[in-house]
Amino acid sequence: MNSVNLAEVLLDEMVILDCEPFKDKADMFDTMTRKFEEAGFVSDAKAYKAALEYRESLGPTYMGNFVAIPHGKCKEVLKPGIGFVRCREPFLYESSGETGEVKYIFVLAISENQENDYHLRVLATLAGMLAHEEFLELLERAGSYEELIHGIKEL
């Protein structure tokens, strides 16, 4: 399985650094689905949120190490991409019966007509990078989208 170049799919307009912690996962989903819609990547935030919630019903997206990777696949995703949020403080993230503190969230918007294994390749790439301490340090210290992308390219 070929890895995916994260620098190409991590969207500048979908990166939020140092935001206030969300009340909960639903609050974060509201914020990010609205942002995907406003940026023109999703035609219907409600449908995309339903896709995220459906995926949550299948199994946890909490990964440990303060990381969550929620993802939704639906026809309302016009252009696939990844959003990233770094919260100032962790918040409690409940996902399919698992609960953990989350500070770094990668939100994937997957188009229904995308090749079937594309999001699996993105997830595998992310999971591989998250296994490296350097990547977690980069997520913590990056001061801008450009720094984040530069750091990803250097890893």
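How many aromatic pairs does the count come to in this structure?

1. The count comes to five aromatic pairs, in what is a predicted model. One of them joins Phe36 and Tyr48, whose ring centres lie 5.4 Å apart with planes at 75 degrees, so the pair is edge-to-face. Because Phe36 belongs to helix 2 (residues 25-38) and Tyr48 to helix 3 (residues 45-58), the contact ties together parts that are twelve residues apart in sequence. Phe36 counts as buried, at 0% relative accessibility, and Tyr48 is likewise buried at 0%.

2. The rings of Phe106 and Phe135 have centres 6.2 Å apart and planes at 15 degrees, so this pair is stacked. With Phe106 in strand 6 (residues 98-111) and Phe135 in helix 5 (residues 133-141), the pair ties together parts that are 29 residues apart in sequence. Both Phe106 and Phe135 are buried.

3. Phe22, Phe91 and Tyr93 are linked by ring pairs into a cluster. Over the ring of Tyr93 sits the charged end of Lys25, 5.6 Å from the ring centre. The charged end of Lys79, in turn, is placed over the ring of Phe41, 4.7 Å from its centre.

4. Turning to charged side chains, a search of the whole structure finds eight salt bridges. In one of these, Arg88 is paired with Glu20, and the closest N and O atoms are 2.1 Å apart. Since Arg88 lies in strand 5 (residues 81-95) and Glu20 in the loop between strand 1 (10-19) and helix 2, this pair ties together parts that are 68 residues apart in sequence. Arg88 counts as partly exposed, at 45% relative accessibility.

5. Lys25, which also sits over the ring of Tyr93, forms a salt bridge with Glu56, where the closest N and O atoms are 2.8 Å apart. Glu56 is in helix 3 and Lys25 in helix 2, so the bridge ties together parts that are 31 residues apart in sequence. Glu56 counts as buried at 6% relative accessibility, and Lys25 is buried as well, with a relative accessible area of 14%.

6. Which side chain meets that of Glu140 in a salt bridge? The partner is Lys103, at 3.0 Å from N to O, and the pair links distant parts of the chain, with Glu140 in helix 5 and Lys103 in strand 6, 37 residues apart. Glu140 is partly exposed, with a relative accessible area of 36%, whereas Lys103 counts as buried at 14% relative accessibility.

7. Finally, a network of salt bridges links Asp30, Lys49 and Glu53.

Methods
Residues numbered from 1 in each chain as written. Predicted model: local features only at pLDDT ≥ 70, side-chain atom pairs only at ≥ 80, totals over all residues. Heavy atoms only, no water. Phe/Tyr/Trp six-rings, centres within 6.5 Å; stacked < 30°, edge-to-face > 60°. Helix = DSSP H or I, 4+ residues; strand = E, 2+ residues; numbered from the N terminus. Buried < 20%, exposed > 50% of the residue type's maximum accessible area, 1.4 Å probe, protein only. Lys NZ or Arg CZ within 6 Å of the ring centre and 35° of its normal. Salt bridge = Lys/Arg side-chain N within 4 Å of Asp/Glu carboxyl O.
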